[in-house]
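Please walk through the fold below with me, beginning with the chain as a whole and ending with the packing of its parts.

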Amino acid sequence: MAGVEATQPAQADISKTSNVPAEGYDKKCIFCKIVNNEMGTELLHCDEEISCFRDIKPGAPHHYLVVPTRHVGNCKSLSKEHVPLVKRMVETGKEILQKNNVTDLSDVRFGFHWPPFCSVTHLHLHVLAPASQMGFMSRLFYRLNSYWFITADQLIELLSSKEETN
């Protein structure tokens with residue numbers, strides 16, 4: 001159903017003109033490789049700031065990962081200045097859901113795994129819909145108010161309360 005499939009990167013807005021890695025590229029990071037079209041994964045959205053693709057192990061009928069196109073570390077590495085990025089990630093997730101005919105945004109889960117519970121250190125937003133159709137293990141992995149998963153709204157609130165960095 002979903003996963004890293006050998007498909008053409010349809011709908012991608014980014015164009016690679018050379019084999020030189022872009023600024024913000026981590027050659028060891030699987031998500032950096034995906035957004036740079038090195039893995040054959042279908043990109044559902046890709047621009048200079050945000051990329052989106054299907055989760056390889058879907059926890060719901062619609063399970064997408066929204067990532068910064070340039071490498072950004074996990075939630076703990078973020079500061080107040082990253083709030084617009086996180087908000088744009090959520091907006092991109094909503095757009096992808098709408099393109100896939102998911103209109104009930106009240107039955108959607110948007111969130112991040114909290115370190116050290118991240119399998120990939122590249123910041124990634126999980127977009128799961130419908131949340132009501134998540135299986136037992138998915139409900140555990142993406143559980144609200146747990147110490148391993150934080151909603152996008154909780155992260156935005158946490159980052160907004162941080163002091164400005166100089």
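What percentage of the residues of the chain count as buried? Of its 166 residues, 45% do, where buried means under 20% relative accessible area with a 1.4 Å probe and protein chains only. The model is predicted, so local features need pLDDT of at least 70 and side-chain atom pairs count only at pLDDT 80 or more, while totals for chains, interfaces and linings use all residues. Residues are numbered from 1 along each chain as its sequence is written, and side-chain values use heavy atoms, with hydrogens and water left out.

The chain has four helices and six strands, taken as DSSP runs numbered from the N terminus (helices H or I, at least four residues; strands E, at least two). From the N terminus on, these elements follow one another as α-β-β-β-α-β-β-α-β-α.

The six strands form an open sheet in the order 1-2-3-5-4-6, with antiparallel pairing, two strands being paired if DSSP finds at least two bridges between them. Strand 1 (45-46) and strand 6 (149-151) stand at the edges with a single partner strand each, so one side of each is left without a neighbour in the sheet. Strand 4 (residues 109-113) and strand 5 (residues 125-129) run antiparallel and are joined by three bridges; Phe110 has Val127 in strand 5 as its bridge partner.

In the loop between strand 3 (62-68) and helix 2 (83-99) sits Val72, which is buried at a relative accessible area of 15%. Leaving aside neighbours within four places in sequence, Val72 is in contact (heavy atoms within 4.5 Å) with Leu78, Leu85, Thr121, His122 and Leu123.

Key: Buried means under 20% relative accessible area, exposed over 50%, partly exposed in between (1.4 Å probe, protein chains only).
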